[in-house]
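Dear colleague,

I am passing on the structure below, together with some notes on what came out of going through it. Please read them with the model open beside you.

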Amino acid sequence: MSAADISKLDNGLTVLTVPGGSGSMTAMLFVGAGSRYETRDVAGTAHFLEHLFFKGTPRRPTTLQIATEIDSLGCRFNAFTSKEYTAYYVKGAAEYADRAVDMIADLLQNALIPPDEVERERGVVLEEMKMYEDNPRSKVASLIDLVLYGDTPMGWDVIGFPEVIKGVGRDAIASYRESFYAPGRMTLVIAGNVTHEVTERLARQHFAGLTEKPLGSALPGRFAETRTGQDQREIQQANLAMAMPGPSHADPERDVVAARMMSAILGGSMSSRLFISVRERQGLCYSINSSLDMAADIGMVAIDTGTDPEKAAQAVRSIVAEVEQLAADGVTPEEMDKGRAMLKGRYVLDREDSMNLAYLSAAELLYRGRVQGREAYFALVDAIEPAEVLAAARRHLAPDRLRVALVGPRTLDVADVVEAAQVPV
């Protein structure tokens, strides 16, 4: 069985079928455009538009009618927007693939975007903003993006800015759809118990009439000169996010896999170096993680934790010590075995659900131009040598390029934390 079947319509739309599952499927329209393609005056429009697609079409005039139809099939539907892509999906029994794609195509091509719904949904998005703003962990994640990437689309929140959402009009929202929802950016993917013949038939039936459009591009990513950022509020914990420039999807895949193994060993599990040092030995936090956050041409190694404000400097200093040691000494044979097992296990677990399988496959196709199967990926993971993990650590784990973001009590200043930690920020 192949990892995936891929074809294209004449207008440039990609058709992707990923086998898997027992009787379920997820039909997804994956669009290779997100908030990174916005300008400052319309930042948040991509996400706002995602909300408005569910507000009715001529065939399905209301949100209630759309939801009732989906519920009558026992399916689920939703959407998500990121910096580089947007996706709309219906998940359910494989026998409803036709109905699922019909629904997605209708919403995409015929959404009415009524002015009264724009005004009503404006309030919904503003409340969503407040929800994220009030959550310290969410806030510090947004803040580290801004510190690392600066006042650019990569540094802005996907959800945008309150002043933009309060003022953006229906025409600007519709204009974003016209500009970026081009078939050359689109992939119709069905993951699950559906054949490629079915996916191709549905793609031709519902999307062959879309007109080709020129594809614009996002601004190249760049790192800002800013090194720290903070948000002070009445809370009890110091929420820390630390980042260093990391790999991107433009890097060779073997280098990316070595960096993933590096991150997993550093802080990807309860037996990782950061967890054992910062939590288990010193008791400084409840959770601590490291991860890679990669875009098409830029990326970061991110570390996040929360600690007592009085121990924030100690936590930062301890994290940097582990970063420096890994970059200096590399990893042990035992850590390599564990790292390989972790990458393989996560690959499998991440693809158990048909929605995740559809999304991950479409994203891999976007960035790599193909969908790799389990055997090929496992072989690559097994081929990674300790020297490659050390090279990844020395390339990406650079404390002199460290950025630190802090969301904590008003008595705590990020500059004081960094100075007390004695790190080169």
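Please keep in mind throughout that the model is a predicted one.

Helix H5 covers residues 136-149, and because its 14 residues should span 20 Å at 1.5 Å a residue, the 20 Å between its end C-alpha atoms agrees with that expectation. The buried residues of H5 are Lys139, Val140, Ser142, Leu143, Ile144, Asp145, Val147, Leu148 and Tyr149. They pack against helix H4 (115-134) and against several strands, namely S7 (228-232), S8 (238-245), S9 (285-294), S10 (299-307) and S11 (403-408).

Two further residues deserve a look for their backbone angles. Most residues other than glycine have a negative phi. Ile113, although not a glycine, has a positive phi of about 45°, and its place is in the loop between helix H3 (97-110) and H4. Gln422, which is not a glycine either, has a positive phi of about 60° and lies in the segment after helix H16 (414-421). Gln422, by contrast, has 69% relative accessibility, and because exposed means over 50%, Gln422 counts as exposed.

Finally, there is the second largest pocket, which has a volume of about 430 Å³. Its lining is made up of 20 residues, and those that lie nearest its centre are Pro19, Tyr347, Leu357, Gly373 and Arg374. Which element gives the most to this lining? Strand S2 (14-19) and the helices H12 (333-350), H13 (354-368) and H14 (374-383) each supply at least two residues, but H13 gives the most, with 4 residues.

With best regards

Technical notes
Residues numbered from 1 in each chain as written. Predicted model: local features only at pLDDT ≥ 70, side-chain atom pairs only at ≥ 80, totals over all residues. Heavy atoms only, no water. Expected span 1.5 Å × (residues − 1). Buried < 20%, exposed > 50% of the residue type's maximum accessible area, 1.4 Å probe, protein only. Contact = heavy atoms within 4.5 Å. 1 Å grid on protein atoms, 1.4 Å probe; cavity = no way out; pocket = protein on both sides within 12 Å on 5 of 7 lines; lining within 4 Å. Points joined across faces, edges and corners; volume = space filled by probe spheres on them.
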